[in-house]
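Biologist: I have a chain open in the viewer and would like to learn how to read it. Could we take the features one at a time?

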Amino acid sequence: MSDCLFCKIVAKEIPAEIVYETGRTLAFRDVNPQAPTHVLIIPKQHHATAAALATADDGLADEVLKAAHSVAVLEHVADSGYRVVFNTGAGAGQTVLHVHAHVLGGRDLTWPPG
């Protein structure tokens with residue numbers, strides 16, 4: 001999608017600090033981190049929400065989740081604990097309509113989250 005911020009990052013039209021990449025996923029640092037480790041995992045193919053990704057039914061949701069774990073390992077938070085968050089819809093705080101998983105770690109993560 002030509003007006004999608006994350007699609008522009010995938011196309012390398014907008015710079016991002018990429019930390020991990022596969023054939024179908026891309027992981028980059030959040031520009032407004034909420035934890036010492038805050039990386040976004042996106043499918044390279046545009047899907048607006050987690051619900052849309054789930055109904056794509058081609059294994060892409062699985063690849064996003066596996067990429068999230070790989071990032072946690074690379075960022076050295078896999079053993080101490082990390083959180084994977086999908087915000088779906090404006091009411092849940094989704095501000096970019098391209099599905100993305102937040103990988104958060106490197107500090108104690110309280111519950112419930114805000």
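Biologist: Is Val-84 buried, partly exposed or exposed?

Modeller: Buried means under 20% relative accessible area, exposed over 50%, and partly exposed in between, with a 1.4 Å probe and protein chains only. Val-84 has 30% relative accessibility and so counts as partly exposed. This is a predicted model, in which local features need pLDDT of at least 70 and side-chain atom pairs count only at pLDDT 80 or more, while totals for chains, interfaces and linings use all residues. Residues are numbered from 1 along each chain as its sequence is written, and side-chain values use heavy atoms, with hydrogens and water left out.

Biologist: Which element holds Val-84, and which patch does Val-84 belong to?

Modeller: Helices (H or I, at least four residues) and strands (E, at least two) are DSSP runs, numbered from the N terminus. Val-84 sits in strand 4. A patch is made of residues with over 30% relative accessible area and no salt bridge; like charges are joined within 9 Å, and nonpolar side chains (Val, Leu, Ile, Met, Phe, Trp, Tyr) within 5 Å. A salt bridge is a side-chain nitrogen of Lys or Arg within 4 Å of a carboxyl oxygen of Asp or Glu. Here Leu-65, Val-84 and Phe-86 make up a nonpolar surface patch, with about 230 Å² of accessible area together. Such areas come from the Shrake-Rupley method with a 1.4 Å probe; for residues, only the protein chains shown count as cover.

Biologist: Which strands pair with strand 5?

Modeller: Two strands pair if DSSP finds at least two bridges between them. Strand 3 (residues 37–43) pairs with strand 5 in the antiparallel sense over five bridges, and Thr-37 has Gly-105 as its bridge partner.

Biologist: Which way do the residues of strand 5 point?

Modeller: Side chains in a regular strand alternate between the two faces of the sheet. In strand 5, Ala-101, Val-103 and Gly-105 point one way, His-102 and Leu-104 the other, and all are buried. Strand 5 (residues 101–105) is largely enclosed by the rest of the structure, because five of its five residues are buried.

Biologist: What is Thr-49 in contact with, beyond its neighbours within four places in sequence?

Modeller: Contact means heavy atoms within 4.5 Å. With those neighbours left aside, Thr-49 touches Thr-88, Gln-94 and Val-99. Thr-49 lies in the loop between strand 3 and helix 2 (50–56) and is buried, at a relative accessible area of 18%.

Biologist: Where should I look at the backbone angles?

Modeller: His-76 is not a glycine, yet has a positive phi of about 65 degrees. His-76 is in the loop between helix 3 (60–74) and strand 4, and counts as exposed at 72% relative accessibility. Lys-12 also has a positive phi, near 65 degrees, in the loop between helix 1 (5–10) and strand 1 (18–21). For the peptide bond, look at Trp-111 to Pro-112, which is cis with omega near 0 degrees; Pro-112 is in the segment after strand 5.

Biologist: What pattern does the whole chain follow?

Modeller: The protein chain has three helices and five strands, in the order α-β-β-β-α-α-β-β along the sequence. Of its 114 residues, 34% count as buried.
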